[in-house]
Amino acid sequence: MGYHPSALGSFRDWPHAGINKLYRDGDRAVRDLAIDRSGVLGRMRDPELATIVGFTAAEYKTAMAGLSIVTGRRQILLGAIGTDVYETPLEDSFCAVAVQRPDEPLIVPDATRDPRFATFRTVTGQPFVRFYAGVPVLDRNGFALGALCIADRTPRHEAFDPTMLLIRAREIERLLRS
């Protein structure tokens with residue numbers, strides 16, 4: 001099953017500003033509490049998680065891949081391929097937008113042409129993200145802690161099949177729950 005950009009709905013279906021929904025009604029405190037309870041931040045640079053992230057990048061032949069945790073204030077990368085950055089502000093986080101829809105992948109064929117992301121510093125500057133695909137990673141209660149994502153410096157306009165991304169995200173969930 002492939003996702004084609006036109007099959008993902010209009011831009012209006014996704015939060016336009018990206019980050020605003022994370023802060024509604026005390027979500028910042030709720031998000032941080034769920035992350036604390038999960039213990040996920042204790043798995044920084046975990047070799048099993050790094051292996052899954054690496055396999056994901058290889059499967060999709062992307063320059064970048066990561067497992068992000070989206071806290072109330074920042075995005076933390078537990079494992080990453082293609083970057084040595086392990087923390088970014090939410091204002092430039094694709095994954096912060098992805099976690100807003102925990103039941104579906106976020107696929108951005110060309111970030112420069114998507115008004116939600118075109119002004120992100122990660123698009124206009126290093127690492128010059130053009131393509132992004134992310135799948136929320138959920139805790140036991142179905143709360144999106146972050147996302148397993150891939151990104152590339154070139155756009156992808158062909159249909160995208162997120163099956164392996166979804167499978168790898170479920171693997172990560174099982175590891176985090178063990």
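Predicted model: local features only at pLDDT ≥ 70, side-chain atom pairs only at ≥ 80, totals over all residues.
A residue is called buried here when its relative accessible area is under 20%, exposed when that value is over 50%, and partly exposed in between.

The protein chain is built from five helices and six strands, which follow one another along the sequence in the pattern α-α-β-β-β-α-β-α-β-β-α. When contacts with a separation of 6 or more are considered, 65% of them in the protein chain are between residues 24 or more positions apart.

Leaving aside residues up to four places away in sequence, I150 touches T56, Y60, T62, M64, A65, F131, Y132, A133, F160 and L165.

F117 is placed in the loop between β4 (106-108) and α4 (121-124), and F117 counts as buried because its relative accessibility is 0%, where the cut-off for buried is under 20%. Beyond residues up to four places away in sequence, F117 touches F94, V97, L106, V108, A111 and V123. The C-alpha atoms of F117 and V129 are separated by 9.6 Å, the two residues being twelve apart along the chain. D92, found in the loop between β3 (87-89) and α3, has a relative accessibility of 10% and therefore counts as buried as well. With residues up to four places away in sequence again left out, D92 touches F120, R121 and T122.

The largest pocket holds about 400 Å³ of space. It is lined by 24 residues, and those closest to its centre are Q75, L77, T122, P127 and V129. The lining divides into 14 nonpolar, eight polar and two charged residues. At least two lining residues are supplied by each of β1 (64-70), β2 (74-81), α3 (94-98) and β6 (144-152), and β2 gives the most, with four residues.

Some details of the backbone also deserve attention. P127, in the loop between α4 and β5, is joined to Q126 by a cis peptide bond with an omega of about 5 degrees. F128 lies in the loop between α4 and β5, and its phi is near 60 degrees, a positive value in a residue other than glycine. F128 counts as partly exposed because its relative accessibility is 31%. K61, which is not a glycine either, has a positive phi of about 55 degrees and is found in the loop between α2 and β1. With a relative accessible area of 68%, K61 is exposed, since the cut-off for that class is over 50%.

Technical notes:
Residues numbered from 1 in each chain as written. Heavy atoms only, no water. 1 Å grid on protein atoms, 1.4 Å probe; cavity = no way out; pocket = protein on both sides within 12 Å on 5 of 7 lines; lining within 4 Å. Points joined across faces, edges and corners; volume = space filled by probe spheres on them. Nonpolar A, V, L, I, M, F, W, Y, C, P; charged D, E, K, R; others polar. Contact = heavy atoms within 4.5 Å. Buried < 20%, exposed > 50% of the residue type's maximum accessible area, 1.4 Å probe, protein only.
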